[in-house]
Amino acid sequence: MITQDLVQVFDMLSEPAARMATAPMLALAVGVALYLLCEVIDLLRTARPIVFLGSIALSIFYELRILQADSAPGAVFDGTFIADGQTALWGILFLVGTLLVWAYSVGYYRENLPFKAEYDALILCTPVGMMLMVGANDLIVFFVGLELLSMPLYALAAFRRAKIESVEAGLKYFLLGSFSSALFLYGAALLYANGGTLALDALVAESNLATTGVALVAASLFFKVSVFPFHLWVPDVYQGSPTPITALMATGAKAGAFSFLIVRLTPLLPPAAAQTVAVIALVTMALGNLGALVQRDLKRMLAYSGIAHAGTLLLVVAAGVALGDTSGGEQAAWYYMGAYLFTATGAFGLISLLEADGARFTNLDALRGLAHSRPGIAAALSLFMLSLGGIPATGGFLGKWFVFAELVRADMIGVAVLGALFTVVALGYYLRVIAYLWMEPPPEGAALSNTQRPLTAGLATVFCCLGVLAMGLLPALFLDRMN
């Protein structure tokens, strides 16, 4: 049986469309194998960064080929996976986010440096799972992608095994993921029992059994993107995990789940669900923003901020359900998630740089007067805070604009007004960070650190700043490629 299945897979891969569709994922898979081979052969260990960067670059190249092709591969593998311009755009987003996280990881680990090879290999596996999730046209394919993303993150969250908070974060993230997987499988089983298929384009939620199945699958994704009421452990996980991995959780994991939720699952939700989803989104925004207002730890504050941003993006789902059309919502979600990726990754990355001077620098009070000693870090962090708050001329502003524009198009004016008010509340804690950086005097006796910052982290910060400004000032660069 296994031999027959392998023969069938190779037969499918012999088709040009299937090879083109899977090339980005195969490039990463080969990269993981080569990276581990370089680790066990002493003479090749210095080539590990080249293998990592090469596999990411090759995967981006293949995604660009799909994006620019006159005829995209479309549905392959008997219609279970879709590769088109839309999935390629999401794939490029996943790969850029992974590359930025890797860049901030260089020089971050000291006690766990002997295990850096395993760390990099696990990071390289995560975008494969994200790509499977966004392109899945079958619930089993999506589940494989979900687990391929989640399992490396469980290990990476607990990577600093000598620190109890990291181990606790890994355990809590594993439990959250376990509940998510259980709900997904239960919902998929109900959908299969109702229609005899797991293909998304053949599912119709017209019976109570099918509606329950879709609701359970949606709830499993709510776990993954950390919306109400599945958000309670998220601040603990973000605070305890290594900071570069926190950035990957906040951006890549959410992007993968939201891409599937908006592109594939939203058309299955009944129109009556629009108001329910909108209420969940608004409650999530309220709890996230109010929780962030009282935090003194930067990572914990950004965790609650991430919950609020997940609620904002969930409004796109509510608008798509109300309209019965997700085309505009898909563009709004990609733009919002792209701006958030540059912003949140840059913010968490700068926190990881500050941690080189001691864990206390993740505390808000330690930022007093940082602009006097490190104006570059202070300026970049201020830009990221402004983008998270949705200030004009940043990517965060246009991301929010597109989300609320979808709500207006769906005639959900009241929801749009409430969402905008909660966004204003968020400025309270984002501007507070900027005030501490620039308007507060440095603590007495504070000494300048001689800690050397890795070159890759500096380049990643510059790239994130340029990404935030480009998405805020030159939206046509991105929007033209989304049409």
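Is Asp411 buried or exposed? Asp411 is exposed, because its relative accessible area is 63%, where exposed means over 50% relative accessible area, buried under 20% and partly exposed in between, computed with a 1.4 Å probe on protein chains only. The model is predicted, so that local features need pLDDT of at least 70 and side-chain atom pairs count only at pLDDT 80 or more, while totals for chains, interfaces and linings use all residues. Residues are numbered from 1 along each chain as its sequence is written, and side-chain values use heavy atoms, with hydrogens and water left out.

Asp411 is placed in the loop between helix 16 and helix 17 (413–438). Helices here are DSSP runs of H or I with at least four residues, strands are runs of E with at least two, and both are numbered from the N terminus. The phi angle of Asp411 is near 60°, a positive value in a residue other than glycine. Ala393 also has a positive phi, near 80°, and is likewise a residue other than glycine. Ala393 is found in the loop between helix 15 and helix 16 (395–409), and with a relative accessible area of 36% it is partly exposed. A further loop, between helix 8 (208–225) and helix 9 (234–240), holds Pro229. The peptide bond leading from Phe228 to Pro229 is cis, and its omega is near 5°.

The largest nonpolar core has 164 residues, and the members that touch the most others are Trp90, Leu139, Leu314, Leu315, Leu367, Met385 and Val433. Helix 13 (residues 327–354) supplies the largest share of this core, 16 residues. Such a core is a set of buried Ala, Val, Leu, Ile, Met, Phe, Trp, Tyr and Cys residues joined through side-chain atoms within 4.5 Å. In soluble globular proteins, nonpolar side chains tend to be buried together. Val433 shows what surrounds one such member: apart from neighbours within four places in sequence, Val433 is in contact with Leu298, Met301, Leu364, Leu367, Leu381 and Met385, contact meaning heavy atoms within 4.5 Å.

Helix 13 also packs against helix 15 (residues 375–388), at an angle of about 145° and with the axes 9 Å apart. The axes are lines fitted to C-alpha atoms, for helices over the stretch in contact, and the angles run from 0 to 180 degrees between N-to-C directions. The crossing of these two helices is left-handed, a term for a near helix turned anticlockwise from the far one by less than a right angle. On the side of helix 13, the residues that meet helix 15 are Tyr340, Phe342, Thr343, Gly346, Ala347, Leu350 and Leu354, and their partners in helix 15 are Ile377, Ala380, Leu381, Phe384, Met385, Ser387 and Leu388. The residues of this contact comprise 11 nonpolar, three polar and no charged. In this division, Ala, Val, Leu, Ile, Met, Phe, Trp, Tyr, Cys and Pro are nonpolar, Asp, Glu, Lys and Arg are charged, and the others, Gly among them, are polar.

Lys400 lies in helix 16 and is buried, with a relative accessible area of 7%. Not counting residues up to four places away in sequence, Lys400 touches His309, Tyr336, Ser387, Leu388, Gly389, Gly390 and Thr423. Lys400 and Ala420 are 20 residues apart in sequence, and their C-alpha atoms are 8.7 Å apart in space. Asp138, in the loop between helix 5 (116–135) and helix 6 (139–157), counts as buried at 13% relative accessibility. Its contacts, leaving aside neighbours within four places in sequence, are Thr80, Leu198, Ala199 and Leu200. From Asp138 to Thr80 the separation is 58 residues in sequence and 5.0 Å in space, C-alpha to C-alpha.

Helix 10 (residues 243–265) contains Gly252, and Ala257 is placed in helix 10 as well. Gly252 counts as buried at 5% relative accessibility, and Ala257 counts as buried at 0%. Beyond residues up to four places away in sequence, Ala257 touches Met133, Leu221, Lys224 and Val225.

The last element considered is helix 18 (residues 455–473), whose 19 residues should span 27 Å at 1.5 Å a residue; the end C-alpha atoms are 27 Å apart, which agrees. The expected span is 1.5 Å times one less than the number of residues. Among the buried residues of helix 18 are Ala457, Ala460, Thr461, Cys464, Val468 and Met471.
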